[in-house]
Amino acid sequence: MDLKKITTLMLCVGLIFNLAFSWGVYGSHVVVVSPTLAQHDPTPSFTVNARAAILMEPLTGKVILEYNSQEAFPPASITKIMTLLLIYEAIEQGRIKWDDIVTTSEYAAKRGGSQIYLEAGEQQTVRDLTKAIAVASANDAAVAMAEFLAGSEEGFIINMNAKAADLGMRSTNFVNSCGLPAEGHIMSAYDIAIMSRALITKYPEIHELATIWMDTITHRTARGVEEFGLTNTNRMIRTYQGANGLKTGYTSQAGHCISATANRDGLTLIAVILGAPDSATRFDEARKLLDYGFANYTIASGDPAGMDRGQVRVNKGSMDSVGVVVREQVSVVMPKGNHVQLDSRVELLDSLNAPVAAGTKAGEVIYISEGKEVGRSDLITREDVPRADLWHMMGRLLDRWFQ
């Protein structure tokens with residue numbers, strides 16, 4: 001055999017060897033061991049036993065680790081994160097109230113799977129149904145709320161998909177409001193992280209429900225009044241330091257799934273696991289991701305919103321200059337180390353022409369770490385500056401003349 005053939009054979013053997021140790025199979029579950037990392041980020045020393053996974057910091061949206069995160073799979077009851085998001089949005093917009101009464105339809109009562117055994121005609125408050133969704137993953141409660149919000153589950157599904165599009169969830173298609181198996185009902189791990197981020201950043205009060213371990217609701221039916229116990233499906237809220245949510249899921253098609261959220265020392269993380277082979281594994285894999293994030297990353301924050309960052313001259317205004325302040329605080333997720341402090345540089349316009357409205361952009365503050373830009377925020381005028389009238393102009397001329 002000549003040298004060229006020997007070299008080719010060795011390359012093929014090496015490729016097969018690499019593939020064998022990079023991908024393993026657990027039934028229909030893929031074990032992914034090569035994470036996609038941002039440049040210079042610490043390399044994890046673990047594998048993930050799941051079809052897909054992702055670790056995200058929600059304040060900035062930074063993806064810290066991702067494993068097959070863009071491929072879509074059945075998400076099971078993690079679907080209900082979108083249902084919860086639309087409930088909280090409707091509360092915020094004043095379209096519904098927590099004490100509103102919801103009447104269970106026959107369709108909702110027959111959803112099956114995880115449920116609180118609502119009966120057709122049974123009435124519950126929005127608050128209790130939302131609690132049942134967040135704590136006990138109740139399919140019947142999710143469908144009842146979908147019908148209450150949109151008139152029908154079909155109408156609610158349209159709203160779910162529209163919200164997914166608004167959030168940039170490009171690998172998602174909702175077919176129902178609860179996550180029961182259905183053809184074409186799919187999400188990617190990345191999309192689940194985006195959806196989870198939207199819920200916990202805009203409505204952090206969701207953690208009040210998501211961290212309930214045990215509670216009850218009251219059934220009032222023709223049979224009488226009965227207390228029904230709720231137990232949280234996410235055991236991480238009892239076993240993992242800082243855990244505060246968010247949602248589990250399981251069907252035979254989806255495998256065992258979780259979107260786990262936790263906070264330590266001001267850093268919040270979202271760990272999504274899709275298609276783990278069993279319940280214990282999904283929690284173990286989520287724990288691995290969160291441990292890695294908390295061990296290796298921190299949040300560095302820029303100037304707080306409203307902080308003074310200088311003055312800008314105003315031409316022909318009632319004042320010669322106006323103060324500028326930071327519009328919004330910038331936060332940056334950074335690997336832990338000696339260089340977590342942000343430096344900043346202010347760039348201001350030479351001047352503004354009156355009249356100037358409060359909130360007018362007058363420059364930017366740029367944040368730098370290790371010589372590289374990592375974020376920026378607008379600098380805006382603190383107050384209105386009207387155009388100078390005749391008396392202002394005469395006063396200034398006299399001041400200059402006497403000076």
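Partly exposed means a relative accessible area between the buried class, under 20%, and the exposed class, over 50%. The views below are taken from a predicted model.

**View 1. Salt bridge between arginine 382 and aspartate 308.** The side chains of these two residues meet at 2.4 Å, N to O. Arginine 382 sits in the loop between β22 (372-381) and α11 (390-402), while aspartate 308 belongs to strand β16 (residues 308-315). The pair links distant parts of the chain, 74 residues apart. Arginine 382 has a relative accessible area of 43% and is therefore partly exposed. Aspartate 308, with a relative accessible area of 48%, is also partly exposed.

**View 2. Salt bridge between arginine 127 and aspartate 99.** Here the N to O distance between the side chains is 2.6 Å.

**View 3. Salt bridge between lysine 202 and glutamate 92.** The side chains of lysine 202 and glutamate 92 meet at 3.7 Å, N to O. Lysine 202 is in helix α7 (residues 189-202) and glutamate 92 is in helix α2 (residues 80-92). The pair links distant parts of the chain, 110 residues apart. Lysine 202 counts as partly exposed at 47% relative accessibility, and glutamate 92 counts as partly exposed at 48%.

**View 4. A network of salt bridges.** The residues linked in this network are Arg327, Lys361, Glu364, Glu373, Arg376 and Asp378. A search of the whole structure finds 16 salt bridges. Among them are the pairs arginine 382 with aspartate 308, arginine 127 with aspartate 99, and lysine 202 with glutamate 92.

View 5. Threonine 281 counts as buried because its relative accessibility is 12%, and the cut-off for buried is under 20%. Leaving aside residues up to four places away in sequence, threonine 281 touches Asn49 and Ala276.

Note on methods. Residues numbered from 1 in each chain as written. Predicted model: local features only at pLDDT ≥ 70, side-chain atom pairs only at ≥ 80, totals over all residues. Heavy atoms only, no water. Buried < 20%, exposed > 50% of the residue type's maximum accessible area, 1.4 Å probe, protein only. Contact = heavy atoms within 4.5 Å. Salt bridge = Lys/Arg side-chain N within 4 Å of Asp/Glu carboxyl O. Helix = DSSP H or I, 4+ residues; strand = E, 2+ residues; numbered from the N terminus.
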